[in-house]
Amino acid sequence: MAKRFFSPSPEKAIKTVCDGRLASYLSQPAIDEIIKAFRFAEQAHRGQTRRTGEHYIHHPIEVADTLAELKMDSRSIIAALLHDVIEDTPASKADIIEQFGDDVGLLVDGVSKIGQIKFDSKEQAEAENFRKMLLAMSEDVRVIIIKLADRLHNMRTLDVMRPDKQKRISRQTLDIYAPIAERLGLYHWSRELQDLCLRYLYPARHKAISNALAQREGNRKLVVEKLRKSLQETLSNASLEEFSVKGRRKTVYSIYKKMRKKRKSFEELHDIYGFRIIVPKPDDCYRVLGIIHNAYKPIPGRFADYIAIPKANGYQSLHTVVFGPLGGNIEVQIRTTEMDHIAEAGVAAHWVYKSESSTPESSTHLARQWLLDLLDPAQQSGNPVEFLEHLKTDLYPDEVYVFTPRGDIKKLPRGATALDFAYAVHSDVGTHCTGARINRELVSLPTQLHNGDSVEIITSKSSWPTAAWLKYAVTAKARTHIRNFLKNQTREDALKLGKRLLAAATKQRLFGRRRITKKNQAELLEQLGLDSWQQLLAEIGLGHRLPDMVARQIAMIKDQDLQPDQEVKLPALEIKGSEGLLLTYSRCCCPVPGDRIVGILTAGHGLVVHTTDCPNISELSKHPEKVLLIEWGEGLSQHFNAKLQVRLTHEAGAFAQVATIIAENESNITHVDMHDGPDNIRHLDFTIDVRDRVHLAAVLKGIRRQPSVVKVWRHKG
Ligand code: MN
């Protein structure tokens, strides 16, 4: 804290970072670009101060320096300097892209987006989902690494916050960010984050453990030093020249966790000493292992060779546990310098060791694979190279995480739409949904969801599923509910339609005594092998049985003469517009109210309405028993599709004129096809919706009047 009052000028601070860590691995042009980013950020944040009283720019500089420690690429360093610019200053993403390129723009935007998400941990599962969402949200894992460095610096300077804020931020860090750091292999960061969190969440316990650790530290140092010497001697005697031995110490948090898990006091915890031996070449690792196993007795079952078989994330090392020369067990890790860097820098190492030979894209790609692996441990295979090959075709995780209006997280499969989300909330919400708001913007139900979206569903009591919904519902839950609804609805519609069709047929076929008694019904059902009258009506409605045939059978049962065909005056079935799923309008001729129409009974689809002059009718009327005369009822309120063909001259704006005329006549274009014909004539095929023939005629008339229109007509068939 005290040193904050003497913090250097921003210029000096950035110079220290550039001349220090950055100069050790970046070229001068890269460093020049970083200084340019510093100036941009310094300008943007000017006038803003941190709670410590210093210029705000010191925070991004510290974040950049933390990344430099990992030897992150220059784009990440630039993005780190700019990471708070979009959220806290007037500068926009577009400004950043213009100055520093698309990739930096995406990185800064990604970090800002994570910052905007409001998260308060409620339960363990929620935290797990949130972690997954963060990982999945960031197509580029550098976004996460920058965010972690940002959080690390905020945690390091948390002292200046109010205690309640300290606790809230620490809780979030412990639940979300520390585990992510751990999973990315950034163990240094996760350990530091955990210790800091413990300090603010449980100050007393943190203090007690660190005091006890400090007391024991004296002892520990002696023991470790003795062991180190002993190891060193053993290795030197075996004429291994180049190596280093590091002791590892426990963190306050790891001891706190162990005490809780094992329900033991500090004194009861036996210290296990850990050493790491670093050598130049992989061969040396095995030599060292041989020497150690020769000198100290290995514990059976504790040896692991992650050099021959690396962990899926690329981690390589030899692990073994031996009985120490002073009693007690010693954990030993043996690895090369390069392996050690990968182990320490985790996912970030991919920007260092790959940067010489490969492009930034391929590093990103590799790191992305790393992430995928973390997201789905079930897919881990023994061979990481093979594993990466497998995943090349499918770069993205197969889940999306979105928010409900209350801030709960829902997990859906990738490709899921607003409709799927509606069913995920509740089946009733699904059944009655009409649209959605994604991030407060009004969208239609087929709209696909993205990670981090906040989704609100709009419902209406008078809205119901249609068969088209099956085209854009991907979750099993939504599809099952929609199918069941359609099935039940179809059955209801089939009953109603069947009843009307049979009534019309009996009226037509039977003399005077048209009433069908219970006894007649029972006899007919037995003949047909059906269980119930409802079933018979449904089968007629669905088009599986012809109403006229059933009427004849009833006549026979009643021992009644049939009305001779020629004397039958056909009463037309009236269309009311409320027939539901089993009355459809054919897509070939597109009948509209006012057209002369017939209904064709089609097995499984009920009644399909065609115009009497539809070219497809002649084929269909080879089965006259399937053709029913129908007519339009009064007061139909819905709109009907009609097809138009237009021939236009090639004039600028000609198409727009036609579209305008259609709109001015209160019609909508639902589909349009366009291609160029011979003689410089453009062909347009429209599908529009209209109320009836009169409405359609008005549209046609309007189009015909356009000077660019050569010809327009309604198309059937
Ligand atoms: Mn920040």
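The legends below accompany several close-up views of a predicted model.

View 1. Asp 84 belongs to the loop between helix H4 (74-81) and helix H5 (85-88), whereas Asp 150 belongs to helix H9 (residues 142-156), so the pair ties together parts that are 66 residues apart in sequence. Both Asp 84 and Asp 150 are buried.

**View 2. The surroundings of His 45.** His 45 lies in helix H2, which covers residues 28-45, and with a relative accessibility of 0% His 45 counts as buried. When its neighbours within four places in sequence are left aside, His 45 is in contact with His 55, Tyr 56, Asp 84, Val 85, Asp 88 and Thr 89.

**View 3. Helix H4 and what packs against it.** Helix H4 is mostly covered, since eight of its eight residues are buried; they are Ser 74, Arg 75, Ser 76, Ile 77, Ile 78, Ala 79, Ala 80 and Leu 81. These buried residues pack against helix H1 (10-19), H2, helix H3 (58-69), helix H6 (93-100), helix H7 (102-116) and H9. In the loop between H3 and H4 is Lys 71, which has a positive phi of about 60 degrees although it is not a glycine. Lys 71 is partly exposed, with a relative accessible area of 33%.

**View 4. The largest nonpolar core.** In soluble globular proteins, nonpolar side chains tend to be buried together. Here the largest nonpolar core has 79 residues, and those with the most contacts inside it are Leu 22, Leu 67, Leu 82, Leu 148 and Trp 189. Helix H9 contributes the largest share of this core, with eight residues. Apart from residues up to four places away in sequence, Leu 67 touches Tyr 25, Met 72, Ser 76, Ile 77, Ala 80, Ile 145, Ile 146, Ala 149 and Trp 189. A second, separate core of 49 residues includes Leu 525, Ala 654, Val 699 and Val 709.

**View 5. An open sheet of five strands.** The strands of this sheet stand in the order E1-E2-E5-E4-E3, and their pairing is mixed. At the edges are strand E1 (244-248) and strand E3 (304-305), each with a single partner strand, so one side of each is left without a neighbour in the sheet. E3 is joined by two bridges to strand E4 (residues 318-323), and the two strands run antiparallel. Within this pairing, Ala 304 has His 319 in E4 as its bridge partner.

**View 6. Pro 282 in helix H14.** Pro 282 lies in helix H14, which covers residues 282-295, and is partly exposed, with a relative accessible area of 41%. Not counting residues up to four places away in sequence, Pro 282 touches Thr 336 and Met 339. Between Pro 282 and Ser 317, which are 35 residues apart in sequence, the distance from C-alpha to C-alpha is 9.3 Å.

**View 7. Aromatic rings and a charge over a ring.** The count of aromatic pairs comes to eight. Among them, Trp 464 and Phe 485 form a stacked pair, with 5.8 Å from centre to centre and 15 degrees between the planes. This pair links distant parts of the chain, 21 residues apart, with Trp 464 in the loop between strand E10 (455-459) and helix H21 (469-472) and Phe 485 in helix H22 (residues 476-509). Trp 464 is partly exposed, with a relative accessible area of 46%, whereas Phe 485 is buried, with a relative accessible area of 17%. Tyr 202, Tyr 253 and Tyr 256 form one aromatic cluster. At Trp 713, the charged end of Lys 711 sits over the ring, 4.8 Å from its centre.

**View 8. Asn 439 between two strands.** Asn 439 is found in the loop between strand E8 (433-438) and strand E9 (441-443). Although Asn 439 is not a glycine, its phi is positive, at about 50 degrees. With 42% relative accessibility, Asn 439 counts as partly exposed.

How values were computed: Residues numbered from 1 in each chain as written. Predicted model: local features only at pLDDT ≥ 70, side-chain atom pairs only at ≥ 80, totals over all residues. Heavy atoms only, no water. Helix = DSSP H or I, 4+ residues; strand = E, 2+ residues; numbered from the N terminus. Buried < 20%, exposed > 50% of the residue type's maximum accessible area, 1.4 Å probe, protein only. Phe/Tyr/Trp six-rings, centres within 6.5 Å; stacked < 30°, edge-to-face > 60°. Lys NZ or Arg CZ within 6 Å of the ring centre and 35° of its normal. Contact = heavy atoms within 4.5 Å. Core = buried A, V, L, I, M, F, W, Y, C linked by side-chain atoms within 4.5 Å. Pairing = 2+ DSSP bridges.
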